[in-house]
Amino acid sequence: MKKIFTLIAMAFVAVGVNAQETDSQGHAAGKYPVKNVVWKSITWKNGNNKKDKNNNDMLFLMGTGNGYATLLADYYYSDDKGDWFTRPAYTYISYESGETGIPAYGLYYKFTPAAAGTLKVNVWVNKGNRKTFVVKASTGAPLVPYVDYSFDGYVNGQNTNTDQPKIDPETGQQQLDNDGNPVWIQAPTYFTAEEIKARHDAAKVGEDGVDSAPYVIDAGNQAVWGWITLNVEAGESYVIYQQSSQLGFGGYEFNGESYIACLNMGETIALNTEFANVVDADGNATNVDNRGSVVNFGTASMAVEAVGGAEPESVEADFDGTGISVLNAELNVNAPVYNLAGQRVENGFKGLVIQNGKKYMVK
């Protein structure tokens, strides 16, 4: 009887959905271009304090938003509420399927060196089993982990005893465990790039030699933090981001120069100048446009652009299909121009381009 009731209930649901094929204006359910966007607050703040093998603090800047390719308006009918609604919907770049490009929205970091060299980027990866992409901007193609770049560092929950005894505050003596063994202060275990790769391969590479998760840099679900290291070409841009999660940024080293994103000032953790200049007292970004909060900084040999979190609160569907026509944020006529692969192009580029989230044909 229970199974029959379930089937009947499903049938009524199906009838309810089919009965609402279009709204009163004749608009059908589906995904449409976006006409108007209301953005959530975007923050730049210290999101994660982690330790290294010496129990020293490793501080990471954290933005909001995921790196996605397009923003759409999902128009749907809710049987529960008996009405039509619109919600944001995203598409991601499917590198596994041969797609190319860089994110048009969300959180990512772009590095453009003036000279060739080895770039080390200090990152915090939210989930070790999430895809982490390092993309060469000129081609839009992702680099292959442990082939084109490496990662070394720490895995959440993986700790090693130090030579420092853990002291009982009441007795002033070294603590003992339940078996009477001395207890030592622990610190995160440092893993070389070869060791992290071995963890990955043991979990993700099958007996047939096929890697089931080629863009996942670790094995499990734990957070990892450390250094992405890659050789870079002069004048080329490299974009680093996570497709479905946030990526923490601690700083970078390049050709003897270094940058730290968060400064430990005694008990106060402060953002470095470039990020502190674009947030209010609560950490909310004050320079938000349709891309997000864009922060440009760097040194003489490395230009860096950090784009933080264009995450929509709500969207309005454009049923005519003409694309974004109105934004609640002020549009910038001097905003960067991109091709359909998400690559920035210069003035004089001919063809279909995107500026301020809207498509244009330049002839």
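Guide: One term before we start: contact means heavy atoms within 4.5 Å. Also, this is a predicted model.

Visitor: Okay. What covers the buried residues of α2?
Guide: The cover includes β11 (149–165) and β12 (184–191).

Visitor: And which residues of α2 are buried?
Guide: Ala193, Ile196, His200 and Lys204 are buried in α2. They sit on the same side of α2, because they cover an arc of only 70 degrees around the axis.

Visitor: Why would residues spaced out like that point the same way?
Guide: An α-helix has 3.6 residues a turn, so residues three or four places apart point the same way.

Visitor: What's on the face turned away from the buried side of α2?
Guide: That face of α2 carries Glu194 and Ala202, which are exposed.

Visitor: How far apart are the end C-alpha atoms of α2?
Guide: They are 16 Å apart. Helix α2 has 12 residues (193–204), and at 1.5 Å a residue these should span 16 Å, so the two agree.

Visitor: Switching to strands. What order do they take in the open sheet?
Guide: The sheet has 6 strands, running β10-β9-β14-β7-β20-β19 with antiparallel pairing. At the edges are β10 (141–142) and β19 (292–299), each of which pairs on one side only.

Visitor: How many bridges join β7 to β20?
Guide: There are 6 bridges between β7 (residues 108–113) and β20 (residues 302–309). In one of them, Thr112 has Ala303 of β20 as its bridge partner.

Visitor: What do β15 and β16 form?
Guide: They make a hairpin with 2 residues between them. In the turn, Asn255 has a positive phi of about 50 degrees. The two strands are antiparallel and joined by 4 bridges, and Phe254 is partnered with Glu257 in β16.

Visitor: New topic: how much space lies in the second largest pocket?
Guide: About 300 Å³. It is lined by 15 residues, and Met58, Asn122, Trp227, Gly250 and Ile260 lie nearest its centre.

Visitor: Which elements give two or more residues to that lining?
Guide: Those are β4 (57–62), β8 (117–125), β15 and β16. The largest share, 4 residues, comes from β15.

Visitor: Last one: is Asn48 buried or exposed?
Guide: Asn48 is in strand β3 (residues 45–51). Asn48 counts as buried because its relative accessibility is 16%, and the cut-off for buried is under 20%.

Visitor: What does Asn48 touch?
Guide: Leaving out residues up to four places away in sequence, Asn48 touches Met58, Leu59, Phe60, Met62 and Trp124.

Methods: Residues are numbered from 1 along each chain as its sequence is written. This is a predicted model: local features need pLDDT of at least 70, side-chain atom pairs count only at pLDDT 80 or more; totals for chains, interfaces and linings use all residues. Side-chain values use heavy atoms; hydrogens and water are left out. Two strands pair if DSSP finds at least two bridges between them. The expected span of a helix is 1.5 Å times one less than its number of residues. Buried means under 20% relative accessible area, exposed over 50%, partly exposed in between (1.4 Å probe, protein chains only). The arc is that of the directions from the helix axis to the C-beta atoms. On a 1 Å grid over the protein atoms alone, a cavity is a set of points where a 1.4 Å probe fits but cannot get out, and a pocket is an open set with protein on both sides within 12 Å along at least five of seven lines; lining residues have an atom within 4 Å of a point. Grid points are joined across faces, edges and corners, and a volume is the space filled by probe spheres set on the points.
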